[in-house]
Amino acid sequence: MKKSWIYKQSYITVDQIKRKSQIKELFKKVDVMKKNVETHNVYEPLKGMTVAILFYQPSTRTFSSFEAAARRLGAYTIAIHGMTQYSSVAKGESLEDTIKSIHQTTGADAVVIRHPENNSSEVAASISNVPIINGGSGTKEHPTQALLDLYTIYNHHKKMDGLNVAMVGDLLYGRTIKSLAKVLTVTGRKNKFIFVSPKELMAPRKYVKDLSKKVKISETDNLSKVLPKADVVYMTRVQKEWFEKAGKLDEYERLKGKFILTRHMVNTMKKKAMIMHPLPRVGEIMYEVDDDKRAKYFPQMRSGLYVRMALLEAILKG
Ligand code: NCD
């Protein structure tokens, strides 16, 4: 059988996805993984292989689903959550040396990394002998999240084009929307984006400029006006850690409660629309919304397991 386009490659950025066919190929695998998990079918193509998972930033979903994905496929995992606290990083070791060391000490066949620097995965890939998978880098990229988000959208709407997608919240520091919006320009020229944020948290100008060469983007700070038009409402949290780093916690306090999705607001949305959130939420979606049929942030998480299984298999086995 023909090998996957990502076989033996690192997955650093969604810019590696240039054609819809690449997504279709992966999603076929994702469907198989979903079925395997749902039927408790034992499928272990990565038996004998090792996946190292190195996280320099907090995580619940990405970390646990990568580990679950690797193990379900039969691989050994070396998963280190507290890289900044408990590894030699705390002694000042460079990312380059850490990557080289992990390769030596574990014999890993692939390394998943989450790191606060925008170019961390690129740096890691440039010195690594094995594929690097970006589990979130700085404020710039979260390419596996983009795939699971897209899979969730596709499952719900049965299409990836012609959608009105509202991205809401911290579009300046949030990395999930940046990767997802880029992927959605590949899957559909007729997708339209509405970026909803307070002025201070608007997406970077260069990013918007580049994206608007491909699809239509409008920007507003009025969420209520946008809700009745959207097919996808993608909420995000205001990213406290970056305000902290910039010494602007007062600004964070002022902006964090700007958009709070209530049941009353959700009732103005289209019946067929969907609400997404990469999570964690810190108040952007009221718990009262959770049992609305449009709330898809829990199935969205589950897609993460299937998508990461598919990606690991595609990279390691083809
Ligand atoms: C996101 C992240 O880390 O960028 N979380 C995730 O992976 N689901 C979103 C966030 O932290 O706000």
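Here are a few friendly questions and answers about charged side chains in this predicted model.

Me: How many salt bridges does a search of the whole structure find?
Reply: To count as one, a side-chain nitrogen of Lys or Arg must be within 4 Å of a carboxyl oxygen of Asp or Glu. Searching the whole structure with that rule gives a total of 15.

Me: Is Asp-231 buried or exposed?
Reply: Asp-231 has a salt bridge with Lys-270, at 2.9 Å from N to O. Asp-231 sits in the loop between helix 9 and strand 8, and Lys-270 in the loop between helix 12 and strand 9, so the pair ties together parts 39 residues apart in sequence. Lys-270 is partly exposed, at 32% relative accessible area. For Asp-231 the value is 12%, and because buried means under 20%, Asp-231 is buried.

Me: How many residues apart in sequence are the parts that Arg-254 and Glu-200 tie together?
Reply: These two form a salt bridge, with their closest N and O atoms 3.2 Å apart. Arg-254 belongs to helix 11, while Glu-200 is in the loop between strand 6 and helix 8, so the parts they tie together are separated in sequence by 54 residues.

Me: Which residues are linked with Asp-15 in a network of salt bridges?
Reply: Here the salt bridges join up into a network. Linked with Asp-15 are Glu-141 and Lys-182.

Terms used
Residues are numbered from 1 along each chain as its sequence is written. This is a predicted model: local features need pLDDT of at least 70, side-chain atom pairs count only at pLDDT 80 or more; totals for chains, interfaces and linings use all residues. Side-chain values use heavy atoms; hydrogens and water are left out. Helices (H or I, at least four residues) and strands (E, at least two) are DSSP runs, numbered from the N terminus. Buried means under 20% relative accessible area, exposed over 50%, partly exposed in between (1.4 Å probe, protein chains only).
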